[in-house]
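Take a look at the model below. We will go through it step by step.

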Amino acid sequence: MSDDEEQQIKDIILGTEGVHGFHDLKTRQSGLMQFIQFHLELKGDQSLRKAHDIGDGMEKKIMEKFPKAEVMIHHDPV
């Protein structure tokens, strides 16, 4: 994916409440499909449900911007 598209993804990630950071962002495009994966750094002492709610909300925002993307988020406690 382009540098501009990657920056848009980074802006969504870092603009999401409850996110402490991210790492290992990998993107690629194959035909019309886009693939986005990264490790999401979240507060380690919150519930698993809360962590996944944050990730699910973020995935929805990414999918609104990139509707043909497959998004994989790995949740890391920090």
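This is a predicted model: local features need pLDDT of at least 70, side-chain atom pairs count only at pLDDT 80 or more; totals for chains, interfaces and linings use all residues.

Aspartate 45 has a relative accessibility of 63%, so it counts as exposed. The cut-off for exposed is over 50%. The side chains of lysine 43 and aspartate 45 meet in a salt bridge, at 3.9 Å from N to O. How many salt bridges does a search of the whole structure find? It finds 1.

Now turn to the sheet. It is open and has 3 strands, in the order β1-β2-β3, with mixed pairing. β1 (19-30) and β3 (69-77) stand at the edges. Each has a single partner strand, so one side of each is left without a neighbour in the sheet. From one strand to the next, the twist averages 15 degrees.

Strand β2 covers residues 33-42 and pairs with β3 in the parallel sense, over 9 bridges. Take phenylalanine 35: its bridge partner in β3 is glutamate 70. The ring of phenylalanine 35 also has a charge over it. The charged end of arginine 28 sits there, 4.1 Å from the ring centre. What about aromatic pairs? A search of the whole structure finds 0.

Next come the helices. Which strands does helix α1 touch? Helix α1 (residues 3-14) packs on the sheet and touches β1 and β2. Its direction makes about 150 degrees with that of β1. Helix α2 (residues 48-65) lies across β1, β2 and β3. Helix α2 runs at about 155 degrees to β3.

How values were computed
Residues are numbered from 1 along each chain as its sequence is written. Side-chain values use heavy atoms; hydrogens and water are left out. Rings of Phe, Tyr and Trp (its six-membered ring) pair if their centres lie within 6.5 Å; planes under 30 degrees apart count as stacked, over 60 as edge-to-face and the rest as tilted. A charge sits over a ring if NZ of Lys or CZ of Arg is within 6 Å of the ring centre and within 35 degrees of the ring normal. A salt bridge is a side-chain nitrogen of Lys or Arg within 4 Å of a carboxyl oxygen of Asp or Glu. Buried means under 20% relative accessible area, exposed over 50%, partly exposed in between (1.4 Å probe, protein chains only). Two strands pair if DSSP finds at least two bridges between them. Helices (H or I, at least four residues) and strands (E, at least two) are DSSP runs, numbered from the N terminus. Axes are lines fitted to C-alpha atoms, for helices over the stretch in contact, and angles run from 0 to 180 degrees between N-to-C directions. Contact means heavy atoms within 4.5 Å.
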